[in-house]
Amino acid sequence: MLQGKHIVVGITGGIAAYKTATLVRLLVKAGAEVQVIMTPNAREFITPVTLSTLSGKPVISEFFTANTGQWNSHVDLGLWADAMVIAPATASTIAKMAHGVADNMLVTTYLSAKAPVFLAPAMDLDMMAHPTTRHNLDLLRGYGNHVIEPREGELASHLVGKGRMEEPENIFAVLDAFFASRQELAGKKVLITAGPTHERIDPVRFIGNYSSGKMGFALAQECADRGAHVTLVTGPVALRLAHPLVTRVDVTSADEMHQAVMEHFGEQDAAIFCAAVADYKVANVATKKIKREHNENPIIELVKNPDIAASAAASKRSGQVTVGFALETDNEEFNAQDKLQRKNLDFIVLNSLRDKGAGFQTDTNKVTIFTREGDTLRYDTKSKRLVAVDIVDLLTKYMSR
Ligand code: PMT
């Protein structure tokens, strides 16, 4: 369940920090990408070299990396994370988290994180039993964090009581079970188109667009995370997605994308058409490079490409769900509603290039969804990962009808 997941592991200054090396090892072995953040005190208990070796990434402790002067962006890390786990979580860090004292990289990242947060407290029994700690943990639970209760046993002080950090194997199991519980698309098949298409002009030139594939790949990740078998038909992009449930089909032109989609569409439970497909292709592709010297004002004749979403949806069988996107610059709502009808979609996701942080290449998007039943759902600007969560939440409802 943790394959491909981005996990931020926060380590604070307690003796149980040494056990977190095992947790990092288990997460990496399960296929997760792990970024460790240590508080300055944690470095007294376990060396960052151990954790960077196990995670395969430099450990972050400070807002700035001393020798390079590089700024470590807590905002980027907060957006990157699929989950954050703080183990051990000391009384001091718990208090800072509960009250928003963002005086180190770890708590600052916690405050930026959009993903679920797990914390495994570890401290002496009296600190654990203190009303302040109990109150702070209640506050954190109230904010939706998951507290992995400490155990009773012998503590570093040699006293016996509640305060031992849960064993790393069990913390790992909690995370694994959390992701397993979100498997509502298990056994379903979803086809997703992503990225741009390139339409050849001659052997060295093409007509393309600015699509990076980020939105489509985020959708593929989210569907696969929920257990769906995803066929990701993508135009030329520089992205990678390593997920056992994702089968990637690389194409270049709209014709190739059309062919790949039609080949797979019949067996799908749903399809999301997120690709920015060129509406036109070159009528006569030159077999040799068009030379500047021989062509003063060359004219390229264009012909229409197939409408992939419309032709797939035309053969839609009962129960199959189709979702489109509309990328607009003007008359947004009218155009989106028109495409919803014309392309026989169940719902359409509108993003407008007039909205800041929406559309091509950005890590964020701002969308409005129009459904076939006439509902309009408006969303704030958020990371494409979280936009994908909103879209797949709605898709899941349609697929369970
Ligand atoms: O890839 P990113 O950089 O993350 O950017 C994401 C995005 C802006 C590309 C994405 O959010 C988006 O809006 N994708 C659809 C872009 C588009 O081509 O929109 P459209 O309004 O031209 O097309 C409407 C729908 O028909 C889309 O679902 C499109 O995939 C589909 N279509 C369009 C033309 C065509 N010939 N075949 C199609 O299937």
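Predicted model: local features only at pLDDT ≥ 70, side-chain atom pairs only at ≥ 80, totals over all residues.
**Note on the interdomain contact and the ligand site**

1. Across the interface of domain 1 and domain 2 the rule finds 1 salt bridge, a term that here requires a side-chain nitrogen of Lys or Arg within 4 Å of a carboxyl oxygen of Asp or Glu. The partners are D82 and R385, whose closest N and O atoms are 3.4 Å apart.

2. Residues are numbered from 1 along each chain as its sequence is written, and side-chain values use heavy atoms, with hydrogens and water left out.

3. The domain assignment, which is automatic or taken from a database, gives domain 1 as 6-181 and domain 2 as 189-399. Taken over C-alpha atoms, the centres of the two domains are separated by 39 Å. To the contact (heavy atoms within 4.5 Å) domain 1 gives 7 residues and domain 2 gives 4 residues.

4. Between them, domain 1 and domain 2 bury about 380 Å², with 50% of it on carbon and sulfur atoms; buried area is the accessible area (1.4 Å probe) that two parts lose on being put together, summed over both. On the side of domain 1, the residues that lose the most area to domain 2 are L79, D82 and K114, together 82% of what that side buries.

5. The ligand is surrounded by 28 residues, the closest being S211, F273, K339, N351 and Q361, where a residue counts if one of its heavy atoms lies within 4 Å. A polar backbone atom of C274 is 2.8 Å from a nitrogen atom of the ligand, whereas for M215 a backbone N or O atom lies 2.9 Å from a ligand oxygen atom.

Key
Polar contact = N/O pair within 3.5 Å; in protein donor to acceptor, adjacent residues only side chain to side chain.
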